[in-house]
Amino acid sequence: MSESTYEPIIIGFLCNWCSYRAADLAGTARLHYSTNMRPIRVMCSGRVEPDLVLAALRNGADGVLIAGCHPGECHYLEGNLKTLRRYKLLKRMLAQFGIEKERVQLVWASASEGSALANAINRMTQELRQLGPLRWQETVIKRVDLQPAKTVEMVRDPVGEEV
Amino acid sequence: MMGAERKFKLAMYWAASCGGCEISVLNIGERLLEVDAAFDVVFWPVAFDFKYSDLRAYPDGYIDLCLFNGAIVNSENEEIAHLLRQKSKLLVAFGSCASAGGIPALANLTTRSAIFQTVYLNNPSIDNPDQVLPEPTYSAQEGELQIPTFYPTVKKLEQVVEIDYVIPGCPPEADQIWQVLQSVISILQNGTPLPPKGAVLGAMDTAVCKECVLEKHEKQIARFYRPYEIIPEPGLCLLEQGLVCLGPATRGGCGALCPKVGIGCRGCYGPLDGVDDQGARILAALSSVISAGDPKEEEQEIERKIDAAIGTLVDPAGAFYRFGMAGSLLIRARNGGSR
């Protein structure tokens, strides 16, 4: 994929009780917004384990959006606050892996905030367009070369590029 | 004793490792005599004077059991891993480095050139006026000399060759080693079926917390402490006291030795069954004990408290993936990471 045709892929984890409905609302209200987000409905933003975010980044996502209810409005009382704690620690750790802060974002969007969600997706898409692709598989995993049999030549190359 | 029966062939190898795994094998004590009765050691660089040429001369599958410790950091490690795979019936990733990357794989948070800068140029104890860095080949008067190539990314054994079993731990506990050796001896002697390929041996399938004797209550902490910053209350869960402890996300089997003496679990026995990424799990566990999060508080106040607590964690990636970086989902940092 050339840089000029690059369109970021955003995996969106949307809370069933608010943000997923906000996305529905954005749809029924016929709002125009970026098509870059692939929504996944979860029962609560607090259900989004950090493994899921890492797996998305590893497997081809350029960014991950987690969307949940505003603090104080969680269907499960404080699931979204657990999300917030996890998210902040996760971002701090991802920085150590060289993953820019724009690539993982958390937004609050209630069921009536279709336009707020659409704006967040537009903004994030724009930010990721500027950052460029992540492509963890191509730029990291494949170059680390984990396949036992076929790869010996490549990893033995003494002048191999730094990842 | 086995008398005149055929003795089995045992090998042990260290790739990028510290030697602690071999010490742990020796720690099985007088039971070594039983190992000696059942096995002939045919390759063990730390303890016996075998050469790589001896190993190459063995027929394929000659070694019955090979305990391979250490991560794959350079081309020599990888070459011997392939050779030992070829010569061994059972190849075991022994210890944290072979099974998950271990301490050497923390190098994956930085780059090879940054490591060389530090190790060969910038360390205060370095005297290297000609700025010499290791080169894989060197032309000397006598001809071309070669040393192994240092890889940009540290790998675990399974990422290089197929393995049969894993014995985790840094180092694996002597009693656990002995139990595994006993069952291997009995399997080899009696022809009983082997455990399923890829099984984790010498460990439990429950978390360290399960065998930890410290008293546990509901956890609500406002900040984390580094070990030198507090003297923990004896008998109480360390995580409750703000000490980073990887027990909730780490496989048990060690007897929870570290928490028992006031040091948080380092995570050396690796993730539990079905977990892809140990670091992500401990991240989830640790963030859930941060006390900030009363839904009645103002959002800014909640955020401030969370930021303050997280700010006291000095090196999250290094702490969460202390032994598991090579086995993690991301495997390494890109662009040299950021510190």
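This is a predicted model: local features need pLDDT of at least 70, side-chain atom pairs count only at pLDDT 80 or more; totals for chains, interfaces and linings use all residues.

The dialogue below takes the chains in turn and then the contact between them.

Trainee: What pattern does chain A follow along the sequence?
Mentor: One begins with the inventory of chain A, which is 6 helices and 4 strands. Read along the sequence, these elements give the pattern β-α-β-α-β-α-β-α-α-α.

Trainee: In what order do the 4 strands lie in the sheet of chain A?
Mentor: The edge strands, each pairing on one side only, are β2 (37–42) and β4 (104–108) of chain A. Neighbouring strands are turned by 20° against each other on average, with direction ignored. The sheet is open and its pairing parallel, and the order in chain A is β2-β1-β3-β4.

Trainee: Which residue of β4(A) is the bridge partner of Ile66(A)?
Mentor: Strand β3(A) covers residues 63–68, and its parallel pairing with β4(A) runs over 5 bridges. Within β4(A), the bridge partner of Ile66(A) is Leu106(A).

Trainee: At what angle to β3(A) does helix α4 of chain A run?
Mentor: Two helices may be considered with the sheet. Helix α3(A) packs on it, touching β3 and β4 of chain A, and its direction makes about 160° with that of β4(A). Helix α4(A), residues 114–131, lies across β1 (10–15), β2, β3 and β4 of chain A, and its angle to β3(A) is about 165°.

Trainee: Against which elements do the buried residues of α1(A) pack?
Mentor: In chain A, 47% of the 163 residues count as buried. Helix α1(A), residues 19–28, has Ser19(A), Tyr20(A), Arg21(A), Ala22(A), Ala23(A) and Ala26(A) as its buried residues. Just after this helix, Arg30(A) takes a positive phi of about 55°. The buried residues of α1(A) pack against β1, β2, β3 and α4 of chain A.

Trainee: Turning to chain B, how far apart do the C-alpha centres of domain 2 and domain 3 lie?
Mentor: Chain B contains 12 helices and 9 strands, and its C-alpha atoms fill a box of roughly 75 × 55 × 30 Å along the principal axes. The domain assignment gives domain 1 as 8–104 + 154–190, domain 2 as 114–152 and domain 3 as 208–320. Between the C-alpha centres of domain 2 and domain 3 of chain B, the distance is 40 Å.

Trainee: Against which elements do the buried residues of α10(B) pack?
Mentor: Buried residues make up 46% of the 339 residues in chain B. Helix α10(B), residues 278–288, is mostly covered, with 10 of its 11 residues buried; among them are Ile282(B), Leu283(B) and Leu286(B). The packing partners of these buried residues of α10(B) include elements of chain A: they are α2 and α3 of chain A, together with α12 (316–320) of chain B.

Trainee: Which element gives the most to the side of chain A that touches chain B?
Mentor: The contact takes 37 residues from chain A and 47 residues from chain B. On the chain A side, the elements giving two or more residues are α2 (50–58), α3 (79–96), α5 (136–144) and α6 (152–156). That side divides into 21 nonpolar, 5 polar and 11 charged residues. With 12 residues, the element that gives the most is α3(A).

Conventions: Residues are numbered from 1 along each chain as its sequence is written. Chains are lettered from A and ligands numbered from 1 in the order in which they are written. Two residues are in contact if their C-beta atoms, placed from the backbone, lie within 7 Å. Ala, Val, Leu, Ile, Met, Phe, Trp, Tyr, Cys and Pro count as nonpolar, Asp, Glu, Lys and Arg as charged, and the others, Gly among them, as polar. Domain bounds come from an automatic or database domain assignment. Two strands pair if DSSP finds at least two bridges between them. Axes are lines fitted to C-alpha atoms, for helices over the stretch in contact, and angles run from 0 to 180 degrees between N-to-C directions. A residue is buried if 20 or more other C-beta atoms lie within 10 Å of its own, exposed if 12 or fewer, and partly exposed in between; C-beta atoms are placed from the backbone.
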